[in-house]
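Hi,

Here is the structure I promised to pass on. Have a look at it first, and then read my notes below.

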Amino acid sequence: MFPQDALQCGKEQNLIRVISEYAAKRAAEIGAEKVFNFSIGNPNVPAPEIVTETLKEILNTVPPAQLHSYTPAPGLPWVRDAVAADLNLRYGTDYSAGDLYLTAGASAALAIVMKAVLLPGDEVIQFAPYYPEYAIYAAGFGGKVVTVGLRAGDFQIDLEALEAAINEHTRILVINCPNNPAGTIFTQETVTALADLLRKKQAEFGRPIYILADEPYRELVYDDNVTLPFIPNHYDNTIYTYSYSKCLSLPGERIGYILVPPKAAEHDDLYASICGAGRILGYLHINTLFQYMLPKVLDKTSDLSIYKNNRDLLCSELTKYGYEMAKPDGAFYLFVKSPEPDDYAFCERAKQFEVMLVPGTIFGYPGYVRLSYCVDTDTVRRALPAMEALMKTYTE
Ligand code: PLP
(Lines give C-alpha, C1' and ligand atoms only; values in the text may rest on other atoms or scores of the structure.)
Protein backbone atom coordinates (compact mmCIF):
# COMPACT_ATOMS: atom_id res chain seq x y z
CA MET A 1 0.00 0.00 0.00
CA PHE A 2 1.11 3.52 -0.78
CA PRO A 3 -0.44 6.95 -0.10
CA GLN A 4 -3.44 7.19 -2.42
CA ASP A 5 -2.73 10.75 -3.53
CA ALA A 6 0.86 10.00 -4.52
CA LEU A 7 -0.08 6.72 -6.18
CA GLN A 8 -2.88 8.24 -8.20
CA CYS A 9 -0.83 11.30 -9.16
CA GLY A 10 1.99 9.05 -10.38
CA LYS A 11 -0.32 6.81 -12.39
CA GLU A 12 -2.25 9.66 -13.96
CA GLN A 13 -0.61 10.62 -17.21
CA ASN A 14 0.29 14.27 -17.62
CA LEU A 15 -1.64 14.84 -20.85
CA ILE A 16 0.62 17.66 -22.08
CA ARG A 17 3.62 15.34 -21.90
CA VAL A 18 1.67 12.50 -23.52
CA ILE A 19 0.80 14.73 -26.49
CA SER A 20 4.35 16.04 -26.70
CA GLU A 21 5.76 12.52 -26.69
CA TYR A 22 3.30 11.59 -29.45
CA ALA A 23 4.63 14.59 -31.43
CA ALA A 24 8.19 13.31 -30.97
CA LYS A 25 7.12 9.87 -32.18
CA ARG A 26 5.43 11.34 -35.26
CA ALA A 27 8.50 13.49 -35.94
CA ALA A 28 10.67 10.34 -35.93
CA GLU A 29 8.20 8.63 -38.30
CA ILE A 30 7.49 11.36 -40.85
CA GLY A 31 10.11 14.06 -40.26
CA ALA A 32 10.23 16.87 -37.72
CA GLU A 33 9.39 19.54 -40.31
CA LYS A 34 5.98 17.94 -40.92
CA VAL A 35 4.91 17.90 -37.26
CA PHE A 36 3.64 21.01 -35.45
CA ASN A 37 4.06 20.52 -31.75
CA PHE A 38 2.15 23.32 -30.05
CA SER A 39 1.52 21.28 -26.93
CA ILE A 40 4.27 22.10 -24.44
CA GLY A 41 5.58 25.32 -22.90
CA ASN A 42 9.24 24.44 -23.43
CA PRO A 43 10.98 27.59 -24.76
CA ASN A 44 12.50 26.97 -28.16
CA VAL A 45 14.27 30.35 -28.27
CA PRO A 46 17.83 29.86 -26.99
CA ALA A 47 19.04 31.31 -23.68
CA PRO A 48 20.92 34.57 -24.19
CA GLU A 49 24.62 34.25 -24.98
CA ILE A 50 25.54 35.86 -21.66
CA VAL A 51 24.26 32.77 -19.85
CA THR A 52 26.87 30.54 -21.51
CA GLU A 53 29.59 33.19 -21.21
CA THR A 54 28.91 33.69 -17.50
CA LEU A 55 28.82 29.97 -16.79
CA LYS A 56 32.18 29.51 -18.52
CA GLU A 57 33.67 32.40 -16.62
CA ILE A 58 32.44 30.98 -13.31
CA LEU A 59 33.82 27.54 -14.13
CA ASN A 60 37.18 29.12 -14.97
CA THR A 61 37.43 31.41 -11.98
CA VAL A 62 35.64 29.96 -8.96
CA PRO A 63 37.65 27.21 -7.20
CA PRO A 64 35.82 23.88 -7.67
CA ALA A 65 35.63 23.09 -3.97
CA GLN A 66 33.77 26.37 -3.49
CA LEU A 67 31.64 26.13 -6.64
CA HIS A 68 30.40 22.62 -5.97
CA SER A 69 29.79 23.09 -2.27
CA TYR A 70 26.49 23.34 -0.40
CA THR A 71 25.15 26.86 -0.02
CA PRO A 72 22.93 28.06 2.84
CA ALA A 73 19.51 26.39 2.52
CA PRO A 74 17.62 29.47 1.15
CA GLY A 75 20.51 30.30 -1.23
CA LEU A 76 23.69 32.39 -1.06
CA PRO A 77 22.98 35.66 0.80
CA TRP A 78 24.82 37.80 -1.80
CA VAL A 79 22.78 36.18 -4.59
CA ARG A 80 19.52 36.83 -2.72
CA ASP A 81 20.72 40.39 -2.09
CA ALA A 82 21.25 40.83 -5.82
CA VAL A 83 17.76 39.50 -6.60
CA ALA A 84 16.29 41.82 -3.96
CA ALA A 85 18.21 44.81 -5.37
CA ASP A 86 16.91 43.99 -8.86
CA LEU A 87 13.32 43.85 -7.58
CA ASN A 88 13.82 47.10 -5.63
CA LEU A 89 15.07 48.83 -8.74
CA ARG A 90 12.13 47.64 -10.84
CA TYR A 91 9.31 48.08 -8.36
CA GLY A 92 10.48 50.72 -5.87
CA THR A 93 10.41 48.20 -3.03
CA ASP A 94 12.66 47.61 -0.05
CA TYR A 95 13.39 43.88 -0.09
CA SER A 96 16.47 42.15 1.25
CA ALA A 97 18.03 38.69 1.27
CA GLY A 98 15.91 37.73 4.28
CA ASP A 99 12.74 38.01 2.19
CA LEU A 100 13.90 35.57 -0.49
CA TYR A 101 14.19 31.81 -0.75
CA LEU A 102 15.79 30.45 -3.93
CA THR A 103 14.04 27.41 -5.37
CA ALA A 104 14.27 24.83 -8.11
CA GLY A 105 11.91 26.76 -10.38
CA ALA A 106 8.34 27.85 -9.77
CA SER A 107 7.16 24.26 -9.25
CA ALA A 108 9.22 23.86 -6.09
CA ALA A 109 8.28 27.38 -5.02
CA LEU A 110 4.55 26.63 -5.28
CA ALA A 111 4.87 23.33 -3.45
CA ILE A 112 6.89 24.94 -0.64
CA VAL A 113 4.36 27.76 -0.19
CA MET A 114 1.42 25.34 0.00
CA LYS A 115 3.28 23.21 2.54
CA ALA A 116 4.34 26.26 4.55
CA VAL A 117 0.95 27.96 4.73
CA LEU A 118 -1.86 25.38 4.67
CA LEU A 119 -3.44 23.97 7.80
CA PRO A 120 -6.06 21.20 7.83
CA GLY A 121 -9.39 22.59 6.63
CA ASP A 122 -7.83 25.50 4.72
CA GLU A 123 -9.14 26.33 1.26
CA VAL A 124 -7.15 27.39 -1.78
CA ILE A 125 -8.95 29.33 -4.49
CA GLN A 126 -7.72 29.13 -8.06
CA PHE A 127 -9.15 30.74 -11.17
CA ALA A 128 -10.04 28.72 -14.26
CA PRO A 129 -8.41 28.48 -16.70
CA TYR A 130 -5.63 27.39 -14.34
CA TYR A 131 -2.21 25.82 -14.42
CA PRO A 132 -3.13 22.23 -13.49
CA GLU A 133 -0.36 21.76 -10.93
CA TYR A 134 -1.87 24.24 -8.45
CA ALA A 135 -4.49 21.72 -7.40
CA ILE A 136 -1.88 18.96 -7.13
CA TYR A 137 0.22 20.96 -4.65
CA ALA A 138 -2.74 22.39 -2.74
CA ALA A 139 -4.45 19.02 -2.31
CA GLY A 140 -1.11 17.31 -1.70
CA PHE A 141 -0.59 19.51 1.35
CA GLY A 142 -4.08 19.17 2.76
CA GLY A 143 -5.84 22.11 1.12
CA LYS A 144 -9.34 22.00 -0.30
CA VAL A 145 -9.27 23.40 -3.84
CA VAL A 146 -12.04 25.79 -4.86
CA THR A 147 -12.20 26.89 -8.49
CA VAL A 148 -13.72 30.15 -9.70
CA GLY A 149 -14.12 30.71 -13.45
CA LEU A 150 -12.65 33.82 -15.05
CA ARG A 151 -15.05 35.84 -17.21
CA ALA A 152 -15.46 34.35 -20.69
CA GLY A 153 -14.03 36.63 -23.37
CA ASP A 154 -11.63 38.88 -21.44
CA PHE A 155 -10.57 36.39 -18.71
CA GLN A 156 -10.77 39.05 -15.98
CA ILE A 157 -11.97 38.25 -12.46
CA ASP A 158 -15.69 37.92 -11.82
CA LEU A 159 -15.61 39.65 -8.44
CA GLU A 160 -19.08 38.52 -7.44
CA ALA A 161 -18.23 34.89 -8.11
CA LEU A 162 -14.97 35.28 -6.21
CA GLU A 163 -16.67 36.92 -3.24
CA ALA A 164 -19.16 34.08 -3.09
CA ALA A 165 -16.29 31.56 -2.97
CA ILE A 166 -14.40 33.21 -0.10
CA ASN A 167 -15.24 32.04 3.41
CA GLU A 168 -13.63 31.70 6.82
CA HIS A 169 -11.54 28.76 5.54
CA THR A 170 -9.98 30.63 2.60
CA ARG A 171 -6.24 30.79 3.14
CA ILE A 172 -4.65 31.22 -0.30
CA LEU A 173 -5.81 32.72 -3.60
CA VAL A 174 -3.54 31.74 -6.50
CA ILE A 175 -3.20 34.18 -9.34
CA ASN A 176 -1.12 33.83 -12.46
CA CYS A 177 -0.33 36.69 -14.84
CA PRO A 178 0.34 36.53 -17.72
CA ASN A 179 -1.89 33.53 -17.61
CA ASN A 180 -1.10 29.99 -18.65
CA PRO A 181 -3.10 29.01 -20.73
CA ALA A 182 -4.97 32.20 -21.75
CA GLY A 183 -2.02 34.62 -22.04
CA THR A 184 -4.11 37.34 -20.44
CA ILE A 185 -3.17 39.88 -17.79
CA PHE A 186 -5.29 41.30 -14.99
CA THR A 187 -5.76 45.02 -15.50
CA GLN A 188 -4.87 47.60 -12.88
CA GLU A 189 -8.61 48.05 -12.14
CA THR A 190 -9.04 44.32 -11.63
CA VAL A 191 -6.08 44.12 -9.25
CA THR A 192 -7.24 47.15 -7.25
CA ALA A 193 -10.75 45.73 -6.92
CA LEU A 194 -9.34 42.31 -6.00
CA ALA A 195 -7.12 43.78 -3.27
CA ASP A 196 -10.06 45.77 -1.86
CA LEU A 197 -12.23 42.67 -1.78
CA LEU A 198 -9.57 40.56 -0.03
CA ARG A 199 -8.90 43.26 2.58
CA LYS A 200 -12.63 43.40 3.28
CA LYS A 201 -12.81 39.62 3.62
CA GLN A 202 -9.73 39.45 5.86
CA ALA A 203 -11.36 41.98 8.18
CA GLU A 204 -14.62 40.03 8.11
CA PHE A 205 -13.00 36.69 8.95
CA GLY A 206 -10.20 38.03 11.15
CA ARG A 207 -7.31 36.22 9.51
CA PRO A 208 -4.92 36.71 6.59
CA ILE A 209 -5.83 35.56 3.10
CA TYR A 210 -2.61 35.28 1.10
CA ILE A 211 -2.41 35.94 -2.60
CA LEU A 212 0.04 33.47 -4.11
CA ALA A 213 1.19 35.36 -7.20
CA ASP A 214 2.79 32.85 -9.58
CA GLU A 215 4.54 34.84 -12.29
CA PRO A 216 6.99 32.83 -14.39
CA TYR A 217 5.82 34.74 -17.49
CA ARG A 218 6.26 38.26 -16.05
CA GLU A 219 8.81 39.39 -18.67
CA LEU A 220 6.77 37.96 -21.55
CA VAL A 221 4.52 40.96 -22.15
CA TYR A 222 4.52 42.13 -25.73
CA ASP A 223 2.90 45.54 -26.07
CA ASP A 224 4.26 48.81 -24.69
CA ASN A 225 0.79 49.99 -23.70
CA VAL A 226 0.20 46.95 -21.47
CA THR A 227 1.50 47.02 -17.90
CA LEU A 228 1.51 44.15 -15.51
CA PRO A 229 0.67 45.28 -11.96
CA PHE A 230 3.23 44.07 -9.41
CA ILE A 231 0.87 42.44 -6.93
CA PRO A 232 2.94 42.90 -3.72
CA ASN A 233 2.69 46.66 -4.26
CA HIS A 234 -1.11 46.43 -4.23
CA TYR A 235 -1.78 43.83 -1.57
CA ASP A 236 0.45 43.34 1.49
CA ASN A 237 -0.36 39.67 2.06
CA THR A 238 1.19 38.53 -1.19
CA ILE A 239 3.62 35.65 -1.48
CA TYR A 240 5.33 35.98 -4.82
CA THR A 241 6.86 33.12 -6.80
CA TYR A 242 9.07 33.52 -9.85
CA SER A 243 11.06 31.34 -12.21
CA TYR A 244 13.83 31.90 -14.77
CA SER A 245 12.55 28.96 -16.85
CA LYS A 246 10.66 31.03 -19.40
CA CYS A 247 12.33 34.49 -19.57
CA LEU A 248 15.84 33.04 -19.87
CA SER A 249 14.85 29.77 -21.59
CA LEU A 250 16.33 27.71 -18.76
CA PRO A 251 13.53 25.32 -17.76
CA GLY A 252 15.90 22.40 -17.31
CA GLU A 253 18.16 24.27 -14.91
CA ARG A 254 15.45 24.71 -12.27
CA ILE A 255 15.96 28.15 -10.82
CA GLY A 256 13.46 30.56 -9.31
CA TYR A 257 12.49 32.04 -5.97
CA ILE A 258 9.86 32.77 -3.35
CA LEU A 259 9.53 36.35 -2.15
CA VAL A 260 7.91 37.04 1.22
CA PRO A 261 7.54 40.83 1.29
CA PRO A 262 8.25 42.46 4.68
CA LYS A 263 4.67 43.73 4.89
CA ALA A 264 3.14 40.24 4.62
CA ALA A 265 1.27 39.22 7.76
CA GLU A 266 3.44 37.33 10.25
CA HIS A 267 6.42 37.83 7.94
CA ASP A 268 9.07 36.28 10.16
CA ASP A 269 7.07 33.16 10.98
CA LEU A 270 5.91 32.87 7.38
CA TYR A 271 9.51 33.05 6.11
CA ALA A 272 10.60 30.56 8.78
CA SER A 273 7.78 28.24 7.74
CA ILE A 274 8.88 28.52 4.11
CA CYS A 275 12.43 27.60 5.10
CA GLY A 276 11.03 24.70 7.13
CA ALA A 277 8.80 23.52 4.29
CA GLY A 278 11.79 23.64 1.93
CA ARG A 279 13.70 21.50 4.41
CA ILE A 280 10.86 19.01 4.89
CA LEU A 281 10.46 18.63 1.12
CA GLY A 282 14.19 18.47 0.46
CA TYR A 283 14.01 21.63 -1.69
CA LEU A 284 17.01 23.47 -0.34
CA HIS A 285 20.38 24.94 -1.43
CA ILE A 286 19.68 24.77 -5.15
CA ASN A 287 22.35 24.35 -7.83
CA THR A 288 25.36 26.46 -6.78
CA LEU A 289 26.63 27.10 -10.32
CA PHE A 290 23.35 28.71 -11.34
CA GLN A 291 23.18 30.70 -8.12
CA TYR A 292 26.57 32.20 -9.03
CA MET A 293 25.26 32.98 -12.51
CA LEU A 294 22.08 34.73 -11.43
CA PRO A 295 23.39 38.19 -10.43
CA LYS A 296 24.98 38.57 -13.88
CA VAL A 297 21.80 37.91 -15.83
CA LEU A 298 19.03 39.47 -13.75
CA ASP A 299 18.31 42.16 -16.32
CA LYS A 300 18.61 39.85 -19.35
CA THR A 301 16.08 37.77 -21.28
CA SER A 302 16.04 35.53 -24.33
CA ASP A 303 14.96 37.15 -27.59
CA LEU A 304 11.30 37.61 -26.70
CA SER A 305 10.54 39.37 -29.99
CA ILE A 306 10.26 35.90 -31.56
CA TYR A 307 7.26 35.15 -29.35
CA LYS A 308 5.68 38.48 -30.17
CA ASN A 309 6.08 37.78 -33.89
CA ASN A 310 4.57 34.32 -33.44
CA ARG A 311 1.65 35.72 -31.50
CA ASP A 312 0.94 38.41 -34.09
CA LEU A 313 1.25 36.01 -37.02
CA LEU A 314 -0.93 33.35 -35.43
CA CYS A 315 -3.62 35.74 -34.23
CA SER A 316 -4.00 37.44 -37.60
CA GLU A 317 -3.89 34.26 -39.72
CA LEU A 318 -5.99 32.02 -37.48
CA THR A 319 -8.65 34.72 -37.23
CA LYS A 320 -8.78 34.82 -41.05
CA TYR A 321 -9.36 31.07 -41.11
CA GLY A 322 -12.29 31.44 -38.70
CA TYR A 323 -10.72 30.61 -35.32
CA GLU A 324 -11.88 32.67 -32.34
CA MET A 325 -9.54 33.80 -29.57
CA ALA A 326 -8.75 36.74 -27.30
CA LYS A 327 -5.43 38.25 -28.41
CA PRO A 328 -3.12 37.40 -25.51
CA ASP A 329 -1.06 40.16 -23.91
CA GLY A 330 1.69 37.86 -22.72
CA ALA A 331 3.10 34.37 -22.02
CA PHE A 332 3.40 32.21 -25.12
CA TYR A 333 0.00 30.58 -25.36
CA LEU A 334 -3.12 31.15 -27.43
CA PHE A 335 -6.37 29.97 -25.94
CA VAL A 336 -8.51 29.23 -28.95
CA LYS A 337 -12.21 28.45 -28.95
CA SER A 338 -12.74 24.90 -30.13
CA PRO A 339 -14.86 24.82 -33.33
CA GLU A 340 -16.82 21.95 -31.75
CA PRO A 341 -17.99 21.77 -28.11
CA ASP A 342 -15.79 18.75 -27.36
CA ASP A 343 -12.25 20.13 -27.07
CA TYR A 344 -10.77 16.60 -26.82
CA ALA A 345 -12.40 15.65 -30.12
CA PHE A 346 -11.01 18.80 -31.74
CA CYS A 347 -7.49 17.99 -30.49
CA GLU A 348 -7.83 14.48 -31.90
CA ARG A 349 -8.90 15.90 -35.25
CA ALA A 350 -5.97 18.35 -35.18
CA LYS A 351 -3.63 15.38 -34.79
CA GLN A 352 -4.74 14.14 -38.22
CA PHE A 353 -3.11 17.33 -39.55
CA GLU A 354 -0.03 16.72 -37.38
CA VAL A 355 -1.01 19.71 -35.24
CA MET A 356 -0.62 19.07 -31.49
CA LEU A 357 -2.91 21.10 -29.22
CA VAL A 358 -4.00 20.64 -25.60
CA PRO A 359 -7.68 20.45 -24.57
CA GLY A 360 -8.88 23.35 -22.41
CA THR A 361 -10.60 20.87 -20.11
CA ILE A 362 -7.30 20.07 -18.38
CA PHE A 363 -7.04 23.77 -17.49
CA GLY A 364 -10.59 23.70 -16.12
CA TYR A 365 -11.99 25.47 -19.20
CA PRO A 366 -13.72 23.09 -21.63
CA GLY A 367 -14.57 24.22 -25.15
CA TYR A 368 -11.14 25.78 -25.70
CA VAL A 369 -7.72 24.49 -26.68
CA ARG A 370 -4.25 25.76 -25.78
CA LEU A 371 -1.73 26.41 -28.52
CA SER A 372 1.80 26.93 -27.20
CA TYR A 373 3.80 29.12 -29.60
CA CYS A 374 7.23 29.04 -27.95
CA VAL A 375 8.55 27.54 -31.19
CA ASP A 376 10.54 29.12 -34.01
CA THR A 377 8.60 31.34 -36.39
CA ASP A 378 9.37 29.06 -39.31
CA THR A 379 7.42 26.26 -37.60
CA VAL A 380 4.50 28.62 -37.12
CA ARG A 381 4.57 29.57 -40.82
CA ARG A 382 4.72 25.96 -41.95
CA ALA A 383 1.82 25.07 -39.63
CA LEU A 384 -0.56 27.67 -41.05
CA PRO A 385 -1.81 25.61 -44.03
CA ALA A 386 -2.51 22.70 -41.67
CA MET A 387 -4.45 25.01 -39.32
CA GLU A 388 -6.44 26.32 -42.27
CA ALA A 389 -7.20 22.84 -43.58
CA LEU A 390 -8.23 21.77 -40.08
CA MET A 391 -10.74 24.60 -39.80
CA LYS A 392 -12.11 23.80 -43.27
CA THR A 393 -13.19 20.38 -42.02
CA TYR A 394 -15.74 22.30 -39.89
CA THR A 395 -16.77 24.98 -42.34
CA GLU A 396 -16.89 23.25 -45.73
N1 PLP B 1 3.50 28.18 -13.10
C2 PLP B 1 3.03 28.25 -14.35
C3 PLP B 1 1.84 29.07 -14.62
C4 PLP B 1 3.65 27.54 -15.38
O5 PLP B 1 3.16 27.62 -16.62
C6 PLP B 1 4.78 26.74 -15.07
C7 PLP B 1 5.43 25.95 -16.12
O8 PLP B 1 5.03 25.82 -17.23
C9 PLP B 1 5.23 26.71 -13.75
C10 PLP B 1 4.56 27.44 -12.79
C11 PLP B 1 6.41 25.88 -13.35
O12 PLP B 1 7.57 26.41 -13.90
P13 PLP B 1 9.04 25.95 -13.48
O14 PLP B 1 8.93 24.91 -12.46
O15 PLP B 1 9.71 25.48 -14.73
O16 PLP B 1 9.70 27.17 -12.99
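Before the counts, a word on terms: helices here are DSSP runs of H or I with at least four residues, strands are E runs of at least two, and both are numbered from the N terminus. Counted that way, the chain has 14 helices and 12 strands. Do keep in mind that this is a predicted model.

The overall picture

The radius of gyration is 21 Å, close to the 21 Å that the globule rule gives for 396 residues, so the chain is as compact as a globular protein of that length. Along its principal axes, the C-alpha trace spans about 65 × 55 × 55 Å. Buried residues account for 53% of the 396. If you take the contacts with a separation of 6 or more, 75% of them are between residues 24 or more positions apart.

On the contact between them, domain 1 puts in 30 residues and domain 2 puts in 36.

The core

The largest nonpolar core has 135 residues, and Tyr 244, Tyr 257, Ile 274, Leu 318 and Tyr 323 are the ones with the most contacts inside it. Helix H6 (residues 105-117) gives the largest share of this core, with 8 residues. Both domains take part, since the core draws at least three residues from each of domain 1 and domain 2. As for Leu 318, leaving out residues up to four places away in sequence, it touches Tyr 323, Met 325, Leu 334, Leu 371, Leu 384 and Met 387.

Helix H9

Have a look at H9 too, which covers residues 188-205. Its 18 residues reach 26 Å from first C-alpha to last, close to the 26 Å expected at 1.5 Å a residue. Thr 190, Val 191, Leu 194, Ala 195, Leu 197, Leu 198, Lys 201 and Gln 202 are buried in this helix. Looking down the axis of H9, those buried residues fall within an arc of 165°, so they line one face of the helix. They pack against helix H8 (159-165), strand S5 (170-175) and strand S6 (210-214). On the face turned away from the buried side you will find Glu 189 and Ala 203, both exposed. Just after H9 comes Gly 206, with a positive phi of about 65°.

Pro 181 is in the loop between S5 and H9. Its relative accessibility is 0%, so it counts as buried. Not counting residues up to four places away in sequence, Pro 181 touches Pro 129, Tyr 130, Tyr 333, Leu 334, Phe 335, Phe 363 and Arg 370. Pro 181 and Phe 332 are 151 residues apart in sequence, yet their C-alpha atoms are 8.5 Å apart.

Val 369 is part of strand S12 (residues 368-372). It is buried too, with a relative accessible area of 1%. The C-alpha atoms of Val 369 and Val 336 are separated by 5.3 Å, although the two are 33 residues apart along the chain.

Cheers

Methods. Residues numbered from 1 in each chain as written. Predicted model: local features only at pLDDT ≥ 70, side-chain atom pairs only at ≥ 80, totals over all residues. Heavy atoms only, no water. Expected span 1.5 Å × (residues − 1). Buried < 20%, exposed > 50% of the residue type's maximum accessible area, 1.4 Å probe, protein only. Arc of directions from axis to C-beta. Contact = heavy atoms within 4.5 Å. Core = buried A, V, L, I, M, F, W, Y, C linked by side-chain atoms within 4.5 Å. Domains from an automatic or database assignment. Rg over C-alpha atoms; globule rule 2.2 N^0.38 Å.
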